[in-house]
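This report concerns the pairing of aromatic rings. Please consult the sequence and the structure shown below while reading.

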Amino acid sequence: MPRFRYSALDESGQPTAGELEAAGEAQVVSQLAAQGVYVTQVDALGVAGGVAGGGGEADASSGFDWRGWLGGGVSLRSRAAMFGQIATALEAGLTLLHALRVVEEQAESEPVRRLVGDLAQRVQGGEALSDAMVAQGRVFTPLHVAMVRAGETAGVLDEVMASLASFAERELAVRERIRSAATYPMIVIALVVVSVVVIMVWVAPTILDSMVQEGRPLPLPTRLLLAVSGFFTSGWAVLAALAAGAGWYWFVQWVRTAEGRLKWDRFKLAMPIVGPTLRKVAVGRFARTLATLTGSGIQILEALHVLRDTLGNEAMARTVDEVRGAITQGESIAEPLRKTGQFPPLFIQVIALGEQTGKIDELLLRAADAYERETTAAIDRTMSVLPALLIVALTVVVGTVLAAVLLPIVSMSAGV
């Protein structure tokens with residue numbers, strides 16, 4: 001088994017070094033991390049003890065670059081907490097490297113500890129924090145990198161980190177509200193599906209088979225129920241399920257293409273109830289992201305380039321590209337936004353007023369608060385009506401099935 005020489009920091013922060021046998025660098029790091037030791041450098045040793053590879057590179061035999069995977073498993077909640085902790089440490093007067101080491105020690109999960117440790121190692125090696133974040137592209141978005149780079153340039157990194165923490169917390173709050181609001185409707189839908197399948201596959205055939213064998217005339221609803229039940233219990237149901245699965249796979253692959261995603265996002269915006277809600281979400285994100293970026297000292301063109309991918313809708317993102325192109329031709333912000341037809345008139349007026357007064361970031365934050373409140377209200381309204389509609393649908397479906405089962409029984413009891 002190959003041997004590796006490592007340099008590390010122990011639990012008290014004191015430097016330590018040694019040699020270890022392992023299958024690769026990733027195993028060296030994991031073994032030492034389990035002992036509370038943070039690895040700063042790993043060198044592969046040959047049979048004669050010579051260094052076979054440069055420190056910090058991936059294991060040549062495996063071809064696996066473990067550093068590219070250090071940020072895996074870091075949730076949005078963990079990122080929000082991490083940004084807030086770094087901001088607090090910087091505001092307390094700690095240096096960036098010291099702040100990162102403190103956050104690393106206080107990390108509640110191993111993925112976060114590895115992530116912050118890697119950032120600290122890169123910063124200690126002379127990299128800027130924004131460049132270190134670029135290397136962890138699976139965790140940090142272009143928005144994070146652009147804001148941190150602007151904070152480093154302007155010397156307000158603590159304020160930027162606090163803004164990132166607030167931004168992540170707001171996004172997390174919206175996600176949790178949507179998730180909690182959708183829980184009950186999903187339970188109702190599952191009950192509908194399970195109830196119909198149980199009745200179709202087991203209940204209906206058991207009750208009605210004897211009547212079919214006697215040759216009694218059956219009402220139309222009962223004949224339809226038997227036909228559907230026969231379909232569920234035949235091989236055609238398997239073929240239909242396979243076809244549905246293939247169709248879903250094709251749809252997912254189509255949506256992942258640029259053309260498919262654009263058409264699907266345009267369709268979602270055109271839907272009667274969902275469309276306006278999604279538009280409010282995108283406008284709120286646009287306002288808050290643009291305000292945060294411009295407030296951090298980022299130029300408007302770069303800010304628009306960064307925020308386009310934060311809207312969650314490719315159709316809205318294409319309109320941002322159009323606006324950015326118009327601004328490069330010398331136009332203001334408000335007029336190109338108005339021409340797209342995707343942004344509400346009141347929002348356009350806020351942008352125009354912000355350009356005239358020079359307080360565009362402040363007014364955008366107020367607009368973002370307003371649209372987020374509207375989004376919350378729209379989600380609450382939709383989710384309050386949807387369960388009632390689903391319950392009505394469940395009642396109709398189950399009632400129809402029960403009627404189809406009971407009609408022939410009632411007819412037989414009445415001697416018809």
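Does Tyr 371 count as buried or exposed? The model is predicted, and in it Tyr 371 has 9% relative accessibility and therefore counts as buried.

**Aromatic pairs**

Ten aromatic pairs are found when the whole structure is searched. One of them joins Phe 251 and Trp 264: the ring centres are 5.1 Å apart and the planes stand at 85°, so this pair is edge-to-face. Distant parts of the chain are linked by the pair, since Phe 251 belongs to helix 9 (residues 235-256) and Trp 264 to helix 10 (residues 258-270), 13 residues apart.

Phe 347 and Tyr 371 likewise form an edge-to-face pair, because their planes meet at 80° with the ring centres 6.0 Å apart. Here helix 15 (residues 345-357) supplies Phe 347 and helix 16 (residues 360-413) supplies Tyr 371, so the pair ties together parts that are 24 residues apart in sequence.

**Accessibility of the paired residues**

| Residue | Relative accessibility | Class |
|---|---|---|
| Phe 251 | 22% | partly exposed |
| Trp 264 | 28% | partly exposed |
| Phe 347 | 0% | buried |
| Tyr 371 | 9% | buried |

The cut-off for buried is under 20% relative accessible area; Phe 251, at 22%, therefore counts as partly exposed, whereas Phe 347, at 0%, counts as buried.

**A cluster of rings**

Which residues do ring pairs link into a cluster? The cluster consists of Trp 248, Trp 250, Phe 251, Trp 254, Trp 264 and Phe 267, linked by ring pairs. Both partners of the edge-to-face pair described above, Phe 251 and Trp 264, are among its members.

Notes:
Residues are numbered from 1 along each chain as its sequence is written. This is a predicted model: local features need pLDDT of at least 70, side-chain atom pairs count only at pLDDT 80 or more; totals for chains, interfaces and linings use all residues. Side-chain values use heavy atoms; hydrogens and water are left out. Rings of Phe, Tyr and Trp (its six-membered ring) pair if their centres lie within 6.5 Å; planes under 30 degrees apart count as stacked, over 60 as edge-to-face and the rest as tilted. Helices (H or I, at least four residues) and strands (E, at least two) are DSSP runs, numbered from the N terminus. Buried means under 20% relative accessible area, exposed over 50%, partly exposed in between (1.4 Å probe, protein chains only).
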